[in-house]
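Subject: Structure handover

Hello,

Here is the structure for your review. My notes on it follow below.

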Amino acid sequence: MTTIKATCPSCGEVTLTPADIELHVDPSGDTESSYEFLCPQCAHAIRKPADDRVVRLLVSGGVSPVRPEPDPAPAPTLAERFDDAPLCHDDLLDFHALLEADDWFDRLLSASSEGR
């Protein structure tokens, strides 16, 4: 079994296996790659930067890179959320007239259930 030496800031040099290490590689190169492990002596989570040389060494030692999470889908634009025509002045006047009626809420509910 492959053993990998790493350094804990509190405990010094520790021995790890490839399964003990989480390797985060930034494929775009925009941010720094890193690796993480739990120190087997003090149980602190340790995160260290990993340049290309360290990444190559860890991969050659059997550490599998963690796949980055995909970026979440962008929020829809207002045009995508409301694909109907924008409100106009007449729409606001109709809504104002609706609110003046005593049964405005019931009329509004029935209009929405009709798909208008």
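How many bridges join S4 to S5, and do they run parallel or antiparallel? Five bridges join S4 to S5, and the two strands run antiparallel. Two strands count as paired if DSSP finds at least two bridges between them. Helices (H or I, at least four residues) and strands (E, at least two) are DSSP runs, numbered from the N terminus.

First, the ground rules. This is a predicted model, in which local features need pLDDT of at least 70, side-chain atom pairs count only at pLDDT 80 or more, and totals for chains, interfaces and linings use all residues. Residues are numbered from 1 along each chain as its sequence is written, and side-chain values use heavy atoms, with hydrogens and water left out.

Overview

The chain has four helices and six strands. Along the sequence they follow the pattern β-β-β-β-β-α-β-α-α-α. Of the 116 residues in the chain, 20% are buried. Buried means under 20% relative accessible area, exposed means over 50%, and partly exposed lies in between (1.4 Å probe, protein chains only). The accessible surface of the chain is about 9,300 Å², by the Shrake-Rupley method with a 1.4 Å probe. Carbon and sulfur atoms hold 54% of that surface. For contacts (heavy atoms within 4.5 Å), take those with a separation of 6 or more: 36% of them join residues 24 or more positions apart.

The sheet

Four strands make an open sheet with mixed pairing, in the order S5-S4-S3-S6. Strand S5 (45-49) and strand S6 (65-66) are the edge strands, and each pairs on one side only. In general, strands of a sheet pair through backbone hydrogen bonds, either parallel or antiparallel.

Now the pairs. S3 (residues 21-24) and S6 run parallel and are joined by two bridges. In that pair, Leu23 faces Pro65 in S6. Helix H1 (residues 52-60) packs on the sheet and touches S3, strand S4 (34-38) and S6. The direction of H1 makes about 135° with that of S3. Both axes are lines fitted to C-alpha atoms, for helices over the stretch in contact, and angles run from 0 to 180 degrees between N-to-C directions.

The S4-S5 turn

S4 and S5 form a hairpin with six residues between them. Ala43 sits in the loop between these strands. Ala43 is not a glycine, yet its phi is positive, at about 65°. Ala43 is also exposed, with a relative accessible area of 56%.

The core

A nonpolar core here is a set of buried Ala, Val, Leu, Ile, Met, Phe, Trp, Tyr and Cys residues joined through side-chain atoms within 4.5 Å. The largest one has 15 residues. Val14, Ile21, Tyr35, Phe37 and Leu58 touch the most other members. Strand S1 (4-8), strand S2 (12-16), S3, S4 and H1 each give two or more residues to this core. S1 gives the most, with three residues.

Val14 is worth a look in the viewer. Leaving aside neighbours within four places in sequence, the contacts of Val14 include Ile4, Ala6, Cys8, Phe37 and Cys39.

The cysteines

Cys8 is buried, at 2% relative accessible area. Cys11 is partly exposed, at 28%. Cys39 is buried, with a relative accessibility of 2%, and lies in the loop between S4 and S5. Leaving aside neighbours within four places in sequence, Cys39 is in contact with Cys8, Cys11, Val14, His44 and Ile46. Cys39 and Thr7 are 32 residues apart in sequence, with their C-alpha atoms 8.7 Å apart in space.

Best regards
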